[in-house]
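Let's take a walk through this structure together, from the overall fold down to a pair of neighbouring residues. Have your viewer ready.

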Amino acid sequence: MRIQMSAIHNNTHRHRFELETDGKLSFVEYQQVNDETLALVHTEVDPSLEGHGVGSKLVEGVLNYIEDNNLTIVPLCPFVSAYLKRHPDWSRVVSTSYTTTGF
């Protein structure tokens, strides 16, 4: 199965990062904690795309955006937390000022 993905888009109006895949929208919702930190609260992938790496590609794109914009994250979303455990090098973008229990 060949999947067509667009680039990650930060939809600031809806407070989420979006990825269009085969005409279906996947996203990571966030809350603005402060000027440098976003809390990633929820990841959603269209059920028809689950198991094809779309969620991982989405989170990777979000983390690249975070790093490129000198931001940090608080990983409240279980999917994002699991991704970070599998890719510990990304811990460099995790905020040290906030804990997941502080929310």
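A residue is called buried when its relative accessible area is under 20%, exposed when it is over 50%, and partly exposed in between, using a 1.4 Å probe and protein chains only. By that rule, buried residues make up 37% of the 103 residues in the protein.

Before going further, a word on where these values come from. This is a predicted model, in which local features need pLDDT of at least 70 and side-chain atom pairs count only at pLDDT 80 or more, while totals for chains, interfaces and linings use all residues. Residues are numbered from 1 along each chain as its sequence is written, and side-chain values use heavy atoms, with hydrogens and water left out.

Now for the fold. The protein has 2 helices and 5 strands, arranged along the sequence as β-β-β-β-α-β-α. Here helices (H or I, at least four residues) and strands (E, at least two) are DSSP runs, numbered from the N terminus. The C-alpha trace spans about 40 × 30 × 25 Å along its principal axes. For 103 residues, a compact globule would have a radius of gyration near 13 Å, and the protein agrees with its 13 Å; this radius is taken over C-alpha atoms, and the globule rule is 2.2 Å times the number of residues to the power 0.38.

What sits inside? In soluble globular proteins, nonpolar side chains tend to be buried together. The largest nonpolar core here has 22 residues, and F17, L40, V62, L63, I66, I73 and V80 have the most contacts inside it. Such a core is a set of buried Ala, Val, Leu, Ile, Met, Phe, Trp, Tyr and Cys residues joined through side-chain atoms within 4.5 Å. Strands β2 (16–21), β3 (24–34) and β4 (37–44) and helices α1 (54–68) and α2 (78–86) each supply at least two of its residues, with α1 giving the most, 6 residues. Leaving aside neighbours within four places in sequence, I66 is in contact (heavy atoms within 4.5 Å) with F17, L38, L71, T72, I73 and V93.

Finally, let's look at strand β4, where you will find T43 and E44. T43 is buried, at a relative accessible area of 14%, whereas E44 counts as partly exposed at 40%. Not counting residues up to four places away in sequence, T43 is in contact with F27, V28, L58, C77, F79 and V80, while E44 touches S26 and F27. The C-alpha atoms of E44 and G55, 11 residues apart along the chain, are separated by 7.7 Å.
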